[in-house]
Amino acid sequence: MIICMAAATVGLLFFLFLFLSADENIMGAIITCRKETETENIKKTQIELDLIVDYMKRTKDLKDKERVKRARELKKNLEPAQKKLARLEKGKAGMGDIIPIAGYRMMQLLHWDGRNDTVKKLYNQCVQFKEKREAMNYTYYILGALIGYGILGGVCFFAALGLTLAMGLGIKAVIFSVVVLVLFAMAGYVPYDNVNIIVRNRKEEIENQFPQVVSKLTLLTVAGMEVNQAWKLTSGSGVGVLYQEMERVLVDLNNNVPPTEAYSKFITRCNNPYTTKLATAVIQNASKGNAEIVNLFRRLNSESWLEHKHSARRRGEQISSKLLVPTLLMFAGIIILVIVPVMTGFSF
């Protein structure tokens, strides 16, 4: 018990040291990251809400219960998000934003910068769905939260273990302390793991949408349309991650971003070998002309649909393998239901 309380005290002092030794730049970085995240969430929510309203006005269907329910949910989520953003604009951070400060300071002491493997790996994932500056801020925030919650979780673990042992709870003390540690660990790990989930879902969606996109581009360019115009028409012809990324290229081009830079961002965000070939071909199109790119689009179209078939087959095999164990368990249950009555002399 004494050892546990001593460990908790040392851990708490270390956490306070990290927190109190942090400078204003760390707090500013956290607030900046939180503002960027909240602004992005508000923008996405507002866009989805506007699309629902426009659809209902266009179709004059005001009794669509699902869309009305979804619109109410979005409106309900929008107001607290705007209030949170207003507090952040005033430089006020929430209680949950204080814990990452210790993690930030710990990274400073460990000299974790952009050259660190852990930071670099997480940044390469974040840059796929955020701008470069926002991705770096978000990377440090996620790692800071992970470290901060980890340290605080260790403190609470030893403190809870010492107090519950003093109360004579025995094995219950260990269970309760482990639960406390897991809760803090999950609070720090869930945002970190959420990055992996976002990247994995984006990758799957881009792979599924690419054959359709390149087929449309091939059809339009074969018909004689310029690549830029074909790109514009294709980007507005569907809904999904890849179509959104194509629209972001158009936004960059309309804001006078050089085509090479705009398509390079597209390559980084999509992080797919086929989208890389597609964007590289479009960049080279300016010098080689439309005839060459039509042949390349045709090859990409054939390759992507072939890969799509192989990918679908692989996913089917994975699903079959996952269903194997439940099937065997069901078969074993049926065997037991049949054999046990026979063995016990049960008569039907």
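Predicted model: local features only at pLDDT ≥ 70, side-chain atom pairs only at ≥ 80, totals over all residues.
A salt bridge here is a side-chain nitrogen of Lys or Arg within 4 Å of a carboxyl oxygen of Asp or Glu. Residues are numbered from 1 along each chain as its sequence is written, and side-chain values use heavy atoms, with hydrogens and water left out.

- Glu 38 is in helix H2 (residues 24–59) and Lys 84 in helix H3 (residues 65–89), so the pair ties together parts 46 residues apart in sequence. Helices are DSSP runs (H or I, at least four residues), numbered from the N terminus.
- Searching the whole structure turns up 12 salt bridges.

**Helix packing**
- The axes of H7 (residues 171–222) and H9 (residues 241–254) come within 7 Å and cross at roughly 70°; axes are lines fitted to C-alpha atoms over the stretch in contact, with angles running from 0 to 180 degrees between N-to-C directions.
- That makes H7 roughly perpendicular to H9 (the label covers 65 to 115 degrees).
- In contact terms (heavy atoms within 4.5 Å), the H7 side includes Ile 206 and Phe 210, and the H9 side includes Leu 242 and Tyr 243.
- By class, this contact has seven nonpolar, two polar and four charged residues; Ala, Val, Leu, Ile, Met, Phe, Trp, Tyr, Cys and Pro count as nonpolar, Asp, Glu, Lys and Arg as charged, and the others, Gly among them, as polar.

Definitions and conventions. Helix = DSSP H or I, 4+ residues; strand = E, 2+ residues; numbered from the N terminus. Parallel < 35°, antiparallel > 145°, perpendicular 65-115°, else oblique.
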